[in-house]
Amino acid sequence: MSVLKETRIPPSRHSPQISVAPPCAVLALRYFRKIFSHPRVLSGAQAMAERVLVIGSGGREHALAWKLAQSPHVKHVFVAPGNAGTADNGKISNSAVPVSDHAAVAQFCRDQDIRLVVVGPEVPLAAGIVDDLTAAGIKCFGPTAKAAQLESSKSFTKAFLDRHEIPTARWKSFTDPKAACAFINSATFPALVVKASGLAAGKGVIVASTKEQACKAVIEIMQDKSFGTAGETVVVEERLEGEEISCLCFSDGVTIAPMPPAQDHKRLMDGDEGPNTGGMGAYSPAPQISKDLLQKIRETVLQKTVDGMRKEGAPYLGVLYAGLMLTKDGPKVLEFNCRFGDPECQVILPLLRSDLYEVMQAVINRRLASSMPAWKEDSAAVTVVMASQGYPGTYPKGLEITGLAKAKQLGLEVFHAGTALKDGRVVTSGGRVLTVTAIKEDLPTALQEANLGVAAIHFQGAIYRRDIGYRAIAFLRQSRGLTYKNSGVDIEAGNTLVQRIKPFAAATSRSGCNAELGGFAGLFDLKAAGYKDPILVSGTDGVGTKLKIAQQCQKHDTIGQDLVAMCVNDILAQGAEPLFFLDYFACGKLDVEVAQGVIAGIADACRKAGCALLGGETAEMPGMYPPGEYDLAGFAVGAVERGQMLPQLDRITEGDVVIGVASSGVHSNGFSLVRKIVEKSSLDFSSRVGVSGDQTLGELLLTPTKLYSKTLLPVLRSGHVKAYAHITGGGLLENIPRVLPESFGVILDALTWKIPEIFCWLHKEGNLSEEEMARTFNCGVGAVLVVQKDVAQQVLRDIQGHETAWLIGKVVSLQRGSDNVKVLNLHRALQANRSLCVQSHIQGNIQTGKMKVAVLISGTGTNLEALINSTKKDTSYAQIVLVISNKPGVEGLRKAERAGIPTRVVEHTRYPSRTEFDSAVDKVLEEFSVELICLAGFMRILSGPFVKKWEGKILNIHPSLLPSFKGAHAHRLVLQAGVRVTGCTVHFVAEEVDAGAIIFQEAVPVKLGDTEATLAERVKEAEHRAFPAALQLVASGAVRVGEAGKIYWK
C-alpha cells in the first residue's frame, strides 16, 4: 500500500455545479478504516491527519499523548512542557511554549496549525485557558473556567450539590478559623474533614481522627497558609465511612459517557499507611461497583451534575471526575475533578477501545450521543507509581533511571511523570517519577505484571507500593455463591409488589370468590354466583404498542383498564358476564412503583367490570426487555346460561338494525400506525392539544378503552339483542362479520355517529384511505349490537341511559363478491367532524423564533419529505416557509401543498441567462424573508453572484463521503473504485465545485453484489437522516461558516 507523506488536503467544500472527478483511493481507504474500527458520523475536520497539543507534564499527559497518537486522524502530538517520555517519541514531542501565557499558546497553535488542544491539569482550566483558546478560534477539550469551579472552588461545589440534591457529606464553609473550629466542636456529626476550598494540587484535604486534629488542620490551612491562597476559605464536612471510588465520564454538556470505575490509592505505603499523596497507584475496573450501582451513580451523580451545570448557564464539556464514598446510605460525592485523574488516567485510557481523538471531537461538537466510546471487556488494568525518596516532602532530583526498556519488553506501558533528559539519560525531576501500567485478563494478574515491571526499573531510593488493588482482590476472593438477585431477579422486590397489590385485588371480591392473592391457584364458585346451567367463556388479549406510549409518557395508571377491557369486551360477544381476571406482567427489571401503578389500574378496571382479580404472574426476565419497558397480557373468564348465548345467528335477518355504542377514542388497537403517524407529524406525545391546551397528545391517546360489561350486559340479556361485536383489531370491517351469518352483511352510514377528533387528525396526518381507517380503527364505535327493527328504538333508549349510542346501519343480504361491511360517507364524516383543536393550538406556537427555510426542487423533491417531517417537530430550530421549483406540476410541489407550505414555480426556460433566473429566485426568497436555503434535488447550476450573496446560507447533500467521489455519478465511481464504504455528505455551497465546508456525514457500507440502484437506495435512506440533522445544526447556530469558508462549531 502506498503512503502519502505530509499531504495537506484543503477543507471540504461544495458548489451546486455538477462535475466528475477521479476517486481518491487514499481517502476512501482512510474512511474504510474509520468506519469499521469505530462507527461514527464523520466531519470534514476529521478527514485528514491533524496536529494536537496536550497541556501538562505528568503521567496523565503522557498517557493522553500516547492514546491520541494512536489515532489515524492525528499526525503529531505536542506536549507542553512534557517530560522525558514525551520527548521525540514517534509522533509525540515536547514544546517549550509557556502554558500560563494563553496568548502565546494561541499563537503557537496558529503557527503549528494545531487543530485541537487537550488540557491535562486543573490549574490552566481554572485560569480559563479553554475560554481564551476558544475565543481565539482554537478547539479546546476541557471545561470553561466557570464550569471548572466544580474543582477550583470546593465551597461552590458543595452548594451546587445541595442545590441539585446530589448526595454528599454534610458541610459548611468558613473564612474565619475561629468560626470553623467552633463548628467542628459543636456539629452534631463528625465534622472531621477539612478542605482548602481552592486548588492545592490534590493535597488540600485533611481527614482528622479527632476534633483537636481537625482544628489544628484549620489553623495550618488558614493561618499558616500551608496551601497558600487555596486555603483562604475552608470547607469543613462530615467524615463519611465506606470505600472510596472514582467514577469518570465524558460529557458534551448534555450527554454523558461513563468510563470504567477506578480506585486510587492515596497513602504512601502498603496497607494504606503513611501520609497522603497525589496517588500511588490505581486499578480499573473496580469490581465493588455492580452494574446497578454504576447506573445509580450515572443517574444520581454524573447526569444530575451535568444537567445542573447546564441549567446554571455553565455547560460542562470535557471529563468529569467524581470522587465518591460508598456509604451504607448509597454513594456520596466527596469531590469533583474537572479532568482526568492522575494516576486514574493511566489505567482508564488503556481500556479504551475507541479512538480518543474521535471521542474528544464528539464532546467538543456536542455529538457524544452518536459517538459513545467503547471499552475493552474482560480486561483489567493496574498502574503502580514509582516516587522519589522523601516524597511527598522534599526529594532529590537528577537521579538516573534505568531498566525502562526491560519494562517495555515485558509488555507494559511506562508513563513518565517527574522525568527529564540530561546528557541523553533519563533522570528524575519530580516527586512522582513514573507509572507502570499492566493490562491483563484479571486484576491479580495485572498487579503481578505491574510489580514485575516496577522491579525491572531502578533509580536510587525509589518508593512504590506492592499492594495496589488489594481491597478489590480481597473482594474478588470472597467466597460468594451466586444468587438469583445477582442474575437480575429480585425476589424481595416481587414479594414487596405482592404485598402492595393485595388490597387492590381484595377490593374486587364478588359473589363466587374472595380474590385473595398468594395461593397456587384461584377458585371460583359458579353456584354461589347464581348460575344454574352455565357455559364458561374465556378470552385473552394484550394492549399492543399502546404500551410504548404509556412508557414514553411515564403514565402507567390507565393502561390496566385497557388490558381488562380488551378481554371482557370480547367475552361479551358470547353474552357472558365476566367473572374473574388474571394478568401477566413481564419486564427485564422490576420497578415496584411502576408495576404497582399498572396492577392498581387492572384492579380498578376489574371492579368496574364486575369481575374479580383472582391472580396473576409477575415475570422479571433480565435481558428480555430493555430498561423501563414491560409487557402485559390478560385473561378473562366469564359465564353465560346455556340458553342466552350470543350470537343468535338463526334469528338475524335482512332489515335488522345496527346500533353503535361510542368508543372513548382509539381504544387499544392500531397503535403501531398511530405511533408512525405521530412520528411523521408536527407533534410529539408531549405536545399540548385542545382549545385550552390542558392535555398532551400522549394523554389523549392513552384515554383508556371503554368497559361495556356492566352497562351492556342487562341489554344483552333482555332477549332483544341478536348479536354483539367488540370493535377491536381489524376495525369495523373485520369484527362485525364475526357475529353475522355468512349470507349477510351490513351497511353503515358514518354520518349517523360522532367521530372523535383524534380519528380525523390521524386520517389527515397519515393521509389514510377510508378503507385503512375502517380496517384499522373503531372510528368512534367501540361496540355494535344487532337488533330487530321494531325494537331498535327501545333498545337504543336502554343503552343511552348509560352510554352514548346511535342507530348506525342495517343488515343486508350479501350479493356474490360484495363486501361484508360497507361504510358510507366515512370521508365526509371525517371531514365534517374535523376540529382544529388538535392542530391549531400547536401550530400557533411553533412558528415563532425559528429560522425560515426555503427548499429548492426540480422534481419529486429529493429529501423534501424528510426535511418537512423534521421541521414540523416542536423541537425543530427551523421551519420551511417556501418550496420553489424550476418546473411546474412536479410531485415535490404537491408534497409541499399537502403539508400546508407555500409554493412558487420559477421556470428557468423563461429566462435568457442563469443570472436572471437566479435573480428571479432571489426576489421570491426575499418576499418570504428566507434565511436559509436547502437544495433537494435541484438540478440547476447556481450563478456565482447568487452563491456569494447567500454564502454560508445554502445547504446541499451529495451522495458520497466528500471529498471522495465528487460529481454526478458518485455511486458508479464508488463501485468502480471497489471501496467498501460510501455514504452522504451535507455541506455548505461554495463557488468551487464540490468543495463547500462539510456539516454532516453518514456512512453506508457497500455490499457485495451492489448495483448502482441498490446502493443508491441505501444511501438515500441515509440522506433522509443526514439532511434534517444538518439543517438542525445550522438552524440552531451550532455550526456556521466564517471567513474564507472556514467552518466554526459552537
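The side chain of D533 forms a salt bridge with that of R642, with an N to O distance of 2.9 Å, a salt bridge being a side-chain nitrogen of Lys or Arg within 4 Å of a carboxyl oxygen of Asp or Glu. Because D533 belongs to the loop between helix 16 and strand 23 (534-541), and R642 to the loop between strand 26 (630-641) and strand 27 (657-662), the pair ties together parts that are 109 residues apart in sequence. Helices (H or I, at least four residues) and strands (E, at least two) are DSSP runs, numbered from the N terminus. R642 likewise counts as partly exposed, at 47% relative accessibility.

Residues are numbered from 1 along each chain as its sequence is written. The model is predicted, local features need pLDDT of at least 70 and side-chain atom pairs count only at pLDDT 80 or more, whereas totals for chains, interfaces and linings use all residues; side-chain values use heavy atoms, with hydrogens and water left out.

A second salt bridge joins the side chains of E593 and R500, at 2.6 Å from N to O. This pair links distant parts of the chain, with E593 in helix 19 (residues 592-609) and R500 in helix 16 (residues 491-506), 93 residues apart. E593 is exposed, at a relative accessible area of 51%, while R500 is partly exposed, at 32%.

The side chains of R432 and D342 also meet in a salt bridge, with an N to O distance of 3.9 Å. R432 lies in strand 22 (residues 432-440) and D342 in the loop between strand 17 (330-337) and helix 11 (344-348), so this pair ties together parts that are 90 residues apart in sequence. D342 is buried, with a relative accessible area of 13%.

Across the whole structure, the search finds 46 salt bridges. A network of salt bridges links E243, D270, D272, R465, D467 and R471.

H164 is placed in the loop between helix 7 (154-163) and strand 6 (171-174) and counts as buried, at 17% relative accessibility. Leaving aside neighbours within four places in sequence, H164 is in contact (heavy atoms within 4.5 Å) with K304, G308 and E312. The C-alpha atoms of H164 and D307 are separated by 9.2 Å, although these residues are 143 residues apart along the chain.

Methods
Buried < 20%, exposed > 50% of the residue type's maximum accessible area, 1.4 Å probe, protein only.
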